[in-house]
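Hello,

I am handing over the structure we spoke about. Please look through it below; my notes on it follow.

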Amino acid sequence: MKIFYKTSATATGGRSGRSALDDGSFAVDMVRPDAAATGDKTGVNPEQLFALGYAACFDSAMEIAAKQLKLSPEGARTSVAVGIGQQAAGGYALDLDITAHLPGMDDADAQKLVEATHQLCPYSNATRGNIDVRLHIDTAAA
């Protein structure tokens with residue numbers, strides 16, 4: 001595989017610490033998922049960061065897939081909901097819902113676009129087969 005881009009980050013203190021890109025361009029205080037409910041600290045958790053990254057990546061891949069399929073999804077956007085839970089066999093796993101908002105698009109075209117995007121997106125390729133991912137389509141006008 002030819003690598004187009006590579007980045008690195010370092011975390012200290014895990015979910016109650018700080019994470020930063022090694023190039024110094026971004027750093028964030030980390031909190032546990034229940035921190036907002038308990039009022040412990042301001043920050044973000046890894047699942048929120050994963051949701052941000054996946055949504056941006058899927059949305060970008062959708063632009064590429066739309067061009068390949070000769071579709072023009074006006075006002076398209078992507079939402080990703082990330083859950084975390086304990087597996088029956090132990091350990092933890094993620095659970096994902098991806099919603100492609102494609103206002104006014106024909107349902108059949110929207111389905112083709114989302115399926116093609118899911119095959120193209122690097123996050124989808126990384127998670128396929130090891131994380132429950134559900135795809136949703138919203139074609140209602142904004």
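Which residue in β5 does R77 stand opposite? The residue facing R77 is H101 of β5. Please keep in mind that this is a predicted model.

**The sheet**

β4 and β5 (residues 92-101) run antiparallel to each other, and ten bridges join them. They belong to an open sheet of three strands, ordered β4-β5-β6, in which the pairing is mixed. The edges are taken by β4 (77-86) and β6 (132-138); each has a single partner strand, so one side of each has no neighbour in the sheet. On average, neighbouring strands here are turned by 15° against each other, with direction ignored.

**The helices on the sheet**

Helix α2 (residues 46-68) lies across β4, β5 and β6. The angle between α2 and β4 is about 145°. Helix α3 (residues 107-120) also packs on the sheet, where it touches β5 and β6. The direction of α3 makes about 150° with that of β6.

T127 is part of helix α4, which covers residues 122-127. Is T127 buried or exposed? T127 has a relative accessible area of 4%, and the cut-off for buried is under 20%, so T127 counts as buried. Setting aside neighbours within four places in sequence, the contacts of T127 are F50, Y54, L96 and V133.

Regards

Technical notes: Residues numbered from 1 in each chain as written. Predicted model: local features only at pLDDT ≥ 70, side-chain atom pairs only at ≥ 80, totals over all residues. Heavy atoms only, no water. Helix = DSSP H or I, 4+ residues; strand = E, 2+ residues; numbered from the N terminus. Buried < 20%, exposed > 50% of the residue type's maximum accessible area, 1.4 Å probe, protein only. Contact = heavy atoms within 4.5 Å. Pairing = 2+ DSSP bridges. Axes fitted to C-alpha atoms, helices over the stretch in contact; angles between N-to-C directions.
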